[in-house]
Amino acid sequence: MAHLLGAENVSLEFPTKKVFDGITIGVNDGDRIGIVGRNGDGKSTLLKLLAKRMQPDDGRITHRNGLTFGLLDQADVIDPGLTIGQSVVGDLSEHIWAGNPKIRDVISGLLNDLDWNKQVGELSGGQRRRVALAKLLVQDLDIVMLDEPTNHLDIEGVAWLAQHLKARWSNNSGGLIVVTHDRWFLDEVCNLTWEVHDGVIEPFEGGYAAYILQRNERDRSAAASEARRQNLMRKELAWLRRGAPARTTKPKFRMDAAAELIANEPEPRDRVALSKLATQRLGKDVLDIENLNYKIEGRELLHDVTWRLGPGDRVGLVGVNGAGKTTLLKLIQGGLQPTAGVIKRGKTVNIATLSQEVRELDEFADERIFSLIAREKSFFVVDKKEVGIGQLVEQLGFTQAQLQTPISDLSGGQKRRLQFLRLLFGEPNVLILDEPTNDLDTDILAAMEDLLDGWPGTLIVVSHDRYLLERVTDQQYALLGDGSLRHLPGGVDQYLELRKHSLSGHASSATVRATEKSKDAGKPALSGAALRDAEKNLSRIERALEKLSTDEAKLHEQMAAHDQADYAGLAELAAKQAEYNAKRDQLELEWLETSEQLQGK
């Protein structure tokens, strides 16, 4: 593989911190590198050094002669007076850029919902970010460097970007370097991982799953003071090994070594035990929504929505922007009233919400973390056990020294963590997380997920982070923009397929329509009786999965209410749960096979 760029014995020091200490790294043709590490450890700084936007104190950055590269960082600014079209393709004639498959694909994937002639200055921050990403991706470059490219992208956008980047480097020509906290994206795209920590860069082969395995092996040989971190990584490995039920592929890393490491590791969550605890805290009624409608400015945003959540349910909610996710959350909390229908909340329900904003902390700007925490809580209860606040604070990445930091001086990620802590202090039994991954690094996300594993309440998560949804929720639902709420027995993959079908024939420009037609060209499709049979079979499978979910919920109630001393009875219930698990696996496999037939694969 040809060498593209490198850093030789590079050191960099800021007034208060040594960022890099004599690092030497290289990028070759075919390298797709994911950069991970704690916030503030130098990930974005590394990109700027490699792009020569910043000079090191010692050492040198080398580029191959004639190397072309582009960097999308978090501060990129586009001339607000330009239109979207001018920003992305410049002065290229329409027949030139419209005839380029790569440019058409980028426009379709990132800008399909935007007016091509709209000025950049009229766009939101997220829209401007997408324009900047599109501007970079339409170019022919040897190396593409991306700093948090999935920010401001929904699940569809992240899936498209992953596919685009994999196809772009399918011939192993050129390189990709990406900083992201999106773990699904890292596994999907990257074949190498660099961990930035303590002034060094440690390379690992493979994506996120392989990185977790190798890092775990490294940590197991560390000092006893690392025991807590090792246990957390082993739990993360247990999740990666077992995988979400709807996944169709397994992470590509040494499964035999992983199996040995986690042979005695329990499931990330004991669903039966948590269901029992949740029933004790919540009662049997949590949330019943019947025939709900909600209109705003003459538009029916939600139509005939019926949704029931019980104690211990963990659900993920996905949907396009404007489909009504935030509105539905506000209706659940009581902040809005439905136009029609009924929302019934259980008498013991105590709802807490982690919103997308961090303004809730503004009133405490002059306080220090320690004083705010000490005033609100001295301990926290998980699974009937008292957990010291100091332990929680440490688990979510706050050092003792940081506890004296004024809240006004905290970074976005630190404020996000403090928000989450304050929610847990109130010991809610229904927790709503609205885009909880914003500004958080992978270590903190794993710690948050670990806390949620032992939290015995009902959980609703709205997120574009596919890994998080599959990790902490057991069922997913979608708002598809037509007012309805749909169960997704096939998980996020099913949602993406539903969106793909709903968008076909509704593209906003001739260019995008041409792109979609070219993608579909040559695909065999079912027709006539075979098509009708497949559609009927898919409906049958989805009904069976819905019924299975209902039966499982009833079984969990029986388990929670059953005499714990009756081992024979508990064994029968456990056997029935095993039957349900096997039946679900079979139904989901049938669903995936039937969906592929309908897609013509």
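**View 1. Strand β3 is covered on both faces**. Arg 32, Gly 34 and Val 36 on one side and Ile 33, Ile 35 and Gly 37 on the other are all buried, where buried denotes under 20% relative accessible area (1.4 Å probe, protein chains only). Because six of the six residues of β3 (residues 32–37) are buried, the strand is largely enclosed by the rest of the structure. Strands are DSSP runs of E with at least two residues, and helices are runs of H or I with at least four, each numbered from the N terminus. The model is predicted, with local features requiring pLDDT of at least 70 and side-chain atom pairs pLDDT 80 or more, whereas totals for chains, interfaces and linings use all residues. Residues are numbered from 1 along each chain as its sequence is written, and side-chain values use heavy atoms, leaving out hydrogens and water.

**View 2. Strand β3 pairs with β7 and with β8**. Pairing requires at least two DSSP bridges between two strands. β3 runs parallel to β7, joined by four bridges; Ile 35 has Val 179 of β7 as its bridge partner. Five bridges link β3 to the parallel strand β8 (residues 192–197), where Glu 195 is the partner of Val 36.

**View 3. Strand β6 is buried on both sides**. Ile 143, Met 145 and Asp 147 lie on one face, with Val 144 and Leu 146 on the other. Since five of the five residues of β6 (residues 143–147) are buried, the rest of the structure largely encloses this strand.

**View 4. Strand β6 pairs with β5 and with β7**. Four bridges connect β6 to the parallel strand β5 (residues 69–72), and Gly 70 has Val 144 as its partner in β6. Five bridges pair β6 with β7 (residues 175–179) in the parallel sense.

Definitions and conventions. Buried means under 20% relative accessible area, exposed over 50%, partly exposed in between (1.4 Å probe, protein chains only).
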